[in-house]
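Let's take a quick tour of this protein model, one topic at a time. Keep the 3D view open and follow along as you read.

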Amino acid sequence: MIPITTCKGQRIAVFGLGLSGLWAARALEAGGAEVCAWDDSEAARARAEAEGIALSDLSRAEWSQFRALVLAPGVPLTHPEPHWTVALARAAGIEIIGDTELFFRERASTCPEAPVIAITGTNGKSTTTALVAHLVHAAGGKAVIGGNIGEAVLSLPALAPDVITVLELSSYQLDLTPSVAPDAAALLNISPDHLDRHGDMDRYAAIKAGIFRNMGPGDRAVISQDDAHCRQAASVLGEGARLMPVSVSRRLPRGVFVQDGVLFEADGEEARPVAELAGIAALRGRHNWQNAAVAWALVRHFGLPPRRLGRALRTFPGLVHRMEILGRRGPVLFVNDSKATNANAAARSLAAFEDIYWIAGGRAKEGGIESLRRLFPRVARAYLIGEAAEAFAATLAEAGVAHAMAGTLQKALAMAAEDAAREGRAAPVVLLAPACASFDQFESFAARGEAFRAGVAALEGIALEPMATGAAGGHAARAAWPPAAPVAMGSSA
């Protein structure tokens, strides 16, 4: 845990007692703050109280006594309307921040030399975050990962100059972190998502670009050049060493780019091939090539040796629920991409396969699956579940795509597995890529993915991949960090 000493002696309100809120309360108390914690959920309050967190009904509190409100990222700050705690805090004139803001303030106060990498974007954040940590360790350094990837940032070990903290940051977290100041940061992509929480694309994009707002001349801003919103974010930085462009669609005169599956570094004079990405199962598809290019650009900022990094890319095991290959039954491949909670994310896995028996549906995002029409020829048949089933069926029917109303994930899997085995296509793939949030039938995308993994594991005659034989947890990376014997960062090899 990282004790928050910067709030010592202050009275702090904490609202939202999920993972981040519980750790914020613990870290504040450990640093000497007086914490008044609350949640709208009786069950969440009971869990917090059982863990020794002091509860205080914030609806009856004297807000002028608080120095700050630490708000959980899942609690509405602006849209569709501010939460009642936000309104009370604003009326009292106190600041509203998140646990990641506490982290950056503590780092600035107690260990500013502790290196930090921060990663954001609409899609690919978790894979890139895990890949960065994997590369750091494989190249001889030490890293810990946290933030939106599943480990609350304040639950991480104490800050240290020789350990890189790698943070996945969502737009919700960035909106509550005015002091964000990483040594290296990346913006992967920006596409419509969470607009119910941010109002419109301009505000959403501005929040994402805010990851760079406090970077200094010696810091590195890694920004995709394949996305108009990202290019706009890059334009505010100006020219110079701070910006490191990446692309998977074109050669760059300077930066990191991928061409024909080969990763290049370019310095303005020459472009050097540094790694072969084609054939790496955990980095299948152009979107994963982008993740690899961004991760490479981030870790190279810390002087890590390219030869080790190139070898390390090939040993990256990937993450559960992100284009996770579960196993085969005869020629049929089973792939779990439960993390594809919007159409853009689903497009990435649909583009990576053909002869797809597609399981889709849940709680739809704005636009549904209209943007996926160009990929429909890859779909042999779709199996629709959840609240979005009827709307998705209408889109597929208009496009002439065969589909079935399955209703539940269990039924969809059974139908897809049977059809894929019977129809004799060349390379059939049963793919869970819902293009939807999970909250109509599951508590999270991870719970949905675990249900799919369990269903596939129960199929008669299935040959599972080694990492698919047991539940690995929602956001967890499938790599063990740190390695047994790390060596000095920057060593040559």
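Where in the chain does F439 lie? You'll find F439 in the loop between strand 21 (436-437) and helix 15. Keep in mind that this is a predicted model.

- Leaving out residues up to four places away in sequence, F439 touches R363 and S444.
- F439 and E387 are 52 residues apart along the chain, yet 9.7 Å separates their C-alpha atoms.

- Look at strand 1 (residues 11-15) and strand 3: they pair in the parallel sense, with 4 bridges. As a landmark, find A13, which stands opposite L69 in strand 3.
- On to strand 4 (residues 95-97), which runs parallel to strand 3 and is joined to it by 3 bridges. Here A68 stands opposite E95 in strand 4.
- Which residues of strand 3 (residues 68-71) point one way, and which the other way? A68 and V70 point one way, L69 and L71 point the other way, and all are buried.

- Strand 15 (residues 332-336) runs parallel to strand 20 (residues 429-432), and 4 bridges join them. F334 has V430 in strand 20 as its bridge partner.

**A closer look at strand 16**

- Is strand 16 mostly covered or mostly open? Mostly covered: 6 of its 6 residues are buried.
- Both faces of strand 16 are covered, with I356, W358 and A360 buried on one side and Y357, I359 and G361 buried on the other.
- Strand 16 pairs with strand 18 (residues 379-385) in the parallel sense over 6 bridges. I356 is the residue that stands opposite V379 in strand 18.
- Strand 16 also pairs with strand 20, in the parallel sense and over 4 bridges. Y357 stands opposite V430 in strand 20.

- The axes of helix 10 (residues 286-300) and helix 11 (residues 306-313) come within 12 Å and cross at roughly 150°.
- An angle over 145 degrees counts as roughly antiparallel, so helix 10 and helix 11 are roughly antiparallel to each other.
- The crossing of these two helices is right-handed.
- Helix 10 makes the contact with A292, W296, V299 and R300, while helix 11 uses P306, L309, G310 and L313.
- Sorted by class, this contact has 6 nonpolar, 1 polar and 1 charged residues.

- First, some background: most residues other than glycine have a negative phi, and most peptide bonds are trans.
- H79 and P80 are joined by a cis peptide bond, with omega about -5°. P80 sits in the loop between strand 3 and helix 3 (84-92).
- D260 isn't a glycine, but its phi is positive, near 55°. You'll find D260 in the loop between strand 11 (254-259) and strand 12 (262-267).
- H321 isn't a glycine either, and it has a positive phi of about 70°. H321 lies in the loop between helix 11 and strand 14.
- Are D260 and H321 buried or exposed? D260 is exposed, with a relative accessible area of 73%, whereas H321 is buried, with a relative accessible area of 0%.

Notes. Residues numbered from 1 in each chain as written. Predicted model: local features only at pLDDT ≥ 70, side-chain atom pairs only at ≥ 80, totals over all residues. Heavy atoms only, no water. Axes fitted to C-alpha atoms, helices over the stretch in contact; angles between N-to-C directions. Parallel < 35°, antiparallel > 145°, perpendicular 65-115°, else oblique. Left-handed = near helix turned anticlockwise from the far one by under 90°. Contact = heavy atoms within 4.5 Å. Nonpolar A, V, L, I, M, F, W, Y, C, P; charged D, E, K, R; others polar. Buried < 20%, exposed > 50% of the residue type's maximum accessible area, 1.4 Å probe, protein only. Pairing = 2+ DSSP bridges.
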